[in-house]
Each structure stands twice: as C-alpha cells, then as structure tokens.
Amino acid sequence: MTTETLTVQEARPERPERPGYRYYVLAVLILIYMLNFLDRQIIGILAAPLKEEFGMSDSQFGLLGGIAFASVYSTLAIPLAWLADRFSRVWIMTGALAVWSGFTALCGMAGSFGQLFLCRMGVGIGEAGGVAPAYSLIADYFPPHQRARAMAAFAFGIPLGMAAGTLVGGLLAATYGWRTAFIVVGLLGVLVAPLLRLTVRDPRRGGTDAIKTEAQVAALAAAPVGTDRAGKIAAQIMLGLGAGLLILGALSWLMGTSLGNPLVLAFGGLLAVVIGVSLMIARRTASVVIKKPSFWLLGLGAASSSVCGYGVAGWLPLFFMRSFDLTLKQTSIYYSGIALIGGILGIWLGGMIADKLSKKGKGAYPLTPAIAFLISAPCFILAMNSPWLIGLVLPGGGSHVQQLTLAFLIFLLPTGLNLAWLGPITAAVQHLVPAAMRSTASALFLLLNNLLGIAVGFYYFGWMSDLLAPRFGEESLRWAIYTGMGFYVLAAILLIGASRTLKKDWVD
C-alpha cells in the first residue's frame, strides 16, 4: 500500500489483539531471540577449547566469531527483510530459526578451522531472517506509546541468550566436550521452530499506529511517493567497489602481484557485491533513510557501541580464564550470572526511561543510551581491576573470592548500561519510515550495526590482543579491552547528535 491509495479506514488502527495474546506473541519472540543469541554467543565460552583444538591465534578466533558470522548475517538481512515487508513475517522467521539452528549443530561436526568458519557463516545466513521481521511484528502488535518497552522486552532475549549460551555451552563443553555443546543447542532451536509457525499470527501492517484524521490522510496522499534514486546510487557504488576488489583479487592470484591477499580481496569483493545487490532490492526504503541524518547517527552510534558490546561479550569469558584464573566451568557460571542480571535490568530500564522521557521530546530515545555509554566505559575498567579497587580498602587486596564478588557486582552496571540502547534506538528506527517499510529499514539499520559491531568488534579485540602480547603476555587481552572503551565515547557523541535531528525525521 502506498500513500497514493491511503484511505481514512486504512489509516485507522484495527481492533487491537487481546492483551494476553499480544504478550504471548512477545514471549514467543523473546524465546526465538534468546535462541538467536544463544547460538550466536556460544562461541565465546568455547574460545579456549576451540583455540586448543584448531591451534588458533586470538586474531583467527576474532575472524571466526566476527566476520564469518557478521558478513552474511548483516547483508542477507536486507533481502530477507524486503521479503518480510511483502510476505509472511512468521514464515520467514520460522525458516530462519530452522536454518541457523541446523548450522549451529553442524558446528559440532567441524573437522577444521575452515569447516567451522563455513558453519558459522551458515548460522549467520539463518539469523539474517530472525530480527528485522520481529521488530516489525512487535511494532504491529503494540501501539507507539508502548513500543520502546516492548522492544526492550524483546531485547531480553539478548541477556537470556548470552547467559544460556555461556552457562549451558560451558557446562556441556566442560562435561562432554565442545562438539556436544554445539549439537545440543542447535537441535533445541530446530525443535522450537514449529511453535512459532503454529501459534503466532501475522497482523495487519500499521494496525496499531496512531489514528490519522481526514486532513492528515489527504496530506499523505498528496505527498510525493519519492524516488529510488539515492538507493540506486548507493547500490551502484557498492557493486562497483565489489567488482574492483574481485578484479584486484584475480590479478593478485594470477600474476602473483603484491596487491594484497587474493582471498581477502575476493572475500571483500563478494561482500561488497552482496551489499550492493541487497541495496538494489531495498532501494526504495534505502532512498528514504539515506537522506535522514538520524538514520546515520542512530546506526553508527549503535554500531560504535556494539564494537564494545559484542566484542567484550565475546572475549570476557577468555579474559576471566586468563586474568581471574577461573576454569571453563567456573567462568560459565560466573559470566552467565553477570549477563542475565545486568542485561535484563539495563534493557528494561532503558526502554522504560525512554518511553517516559519521550513525552517531553523524541530526542530522549537516543539521549538515554548516550548517557548510559558514558557511564559504561569507566565501570568496565573498574570491574576488571577489582583487586586494585578492593586493595584501597582491605590490606593486600582481599581474598580471591572477595575480588571476584566485587568484580561481579561492578560488572552488572556496565553490562546493563551497554544494552540500554536496544529498546529506545530500535523503537526510534521504526519511526523513520512508514509502516510498510519497517522490516527493511530495520535490516538497513542492522547492516550498519552488525557489520561494524560484530565483525569489527569481535576481530578488533583479538587483533589488538595479539598486537599487545609481546609486551603484556597473558594480560594482553585486558589491555585490548581497555583500548576499546573509546568506542563508547564515540557512540555517545553520535547519539547526542541524533537527539537533535530525530524530531524532524520522525514518521508517526
């Protein structure tokens, strides 16, 4: 439906679903998102056995946890979201769940680094269809004044999945081996997929949006639909870049020149081509959001925070084992508690505060997480240095148990604050475009957030750890995490900028 055919009846929301069913749907989507993050983050707790099995450096493990997953997850999300804006979102999510769960199980059968890399790419292919359609479903089940809280509740799947992946994955790996951990959590998702398809209905798009008057409908109908020119240009740029990298890769391989690693050039070229094709498919939605400063500020701000959010979450288990002298089993219990308690509190408070403050202005949606990020960075550093901190009070720095307890309590704060953006920012992105474009707009946002956040974040800390290892040895990962805290400051600056532009770019 375009604005050219909009009627007063279509502009009015349909009768809302019964509250009980709406919250049931939200609970199912939270479960699916939990499985999404369980399968995504389980690799973090399995770092030690995987590095030992395949002889990986920190940088190689960073590639495995980052680019292998994020390259396909971020790019394929756009065509899948484009389909979700036109066909059944529930069917697409069901198929996505089955695919990513199946590939997670196959990770347990990998016999080499290359096979595991390909299996992680398969997980990314499936998960590409699991998030953007869910955002759109939630926006159509909950009215605008409840959306930030509903999005925040949906985001509970992140700490639940991280905690479950860390706890279940770590305990299974410690008892039965890392292969069993992958297989068990993968098969769990395959068994849950039918629940989504059989019990969740696909609601009318825009059905819970604000009622529009006849004058508002007439204004929308008279407004130009817009062109897809900006989206086409962006797609052509990426296709040209991809073709150039592929040609350089071929020349480097055939002629033995020093243009660069042929495999890296080819991978980068294919990635750029996939992004270009995805943008061409989503060119109309891309043309809308590309012109809005808020989209870039929200997307790059979230991406900057995700460099730390995803990166630190992926590497903290190994940090606890190296710097806090915890075993795999102890780490799985310790870190799962931090992720669960801190994550749920932070996400819910972020959504609730943003919903309340938004009554005074739309700028509250990005401003709330901006403040949270500025607090997160020093808290992470303090938590990682609990022996020094407790030594200011107790002679000798206290016992190991006291140090771990203090670190646990401090880690709760930044773990929650660095996830506080999920409800407010994802809710704001829904209002940058009309209802019929929400899945695709979410996927474009996730392209920025995940391609930079997951791929760069997970790899950055591993690369920096290897770079600092000659000087700091086993503590190199600690110093690598210190350097990454600057991304939180950058995220805060970008989101403060978004708070100043969002009112102009908002679509009711």
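Biologist: Is Asp 58 buried or exposed?

Modeller: Asp 58 is buried, because its relative accessible area is 4%. Buried means under 20% relative accessible area, exposed over 50%, and partly exposed in between, with a 1.4 Å probe and protein chains only. This is a predicted model, in which local features need pLDDT of at least 70 and side-chain atom pairs count only at pLDDT 80 or more, while totals for chains, interfaces and linings use all residues. Residues are numbered from 1 along each chain as its sequence is written, and side-chain values use heavy atoms, with hydrogens and water left out.

Biologist: Which residue forms a salt bridge with Asp 58?

Modeller: Lys 51 does, with the closest N and O atoms 2.8 Å apart. A salt bridge here is a side-chain nitrogen of Lys or Arg within 4 Å of a carboxyl oxygen of Asp or Glu. Lys 51 counts as buried because its relative accessibility is 14%.

Biologist: Which residues are linked with Lys 51 and Asp 58 in a network of salt bridges?

Modeller: Arg 322 and Glu 474 are linked with them in that network.

Biologist: How many salt bridges does the count come to?

Modeller: The count comes to eight salt bridges. One of them joins Glu 127 to Arg 40, with 3.1 Å between the closest N and O atoms. Glu 127 lies in helix H7 (residues 113-127) and Arg 40 in helix H2 (residues 19-45), so this pair ties together parts that are 87 residues apart in sequence. Helices are DSSP runs (H or I, at least four residues), numbered from the N terminus. Both Glu 127 and Arg 40 are buried.

Biologist: And what does Arg 89 meet in a salt bridge?

Modeller: Its side chain meets that of Asp 202, at 2.7 Å from N to O. Asp 202 is in the loop between helix H11 (178-199) and helix H12 (214-222), whereas Arg 89 is in helix H6 (residues 89-107), 113 residues apart. Arg 89 counts as buried because its relative accessibility is 0%, whereas Asp 202, at 29%, is partly exposed.

Biologist: Changing topic, where does helix H22 bend?

Modeller: Helix H22 (residues 438-472) bends by about 35° at Asp 466, and Pro 470 follows within four residues. The bend is the angle between axes fitted to the seven residues ending at a residue and the seven starting there.

Biologist: How many of the residues of H22 are buried?

Modeller: In H22, 25 of its 35 residues are buried, so the helix is mostly covered. Gly 473 follows H22, and its phi is positive, near 60°.

Note on methods
Helices (H or I, at least four residues) and strands (E, at least two) are DSSP runs, numbered from the N terminus.
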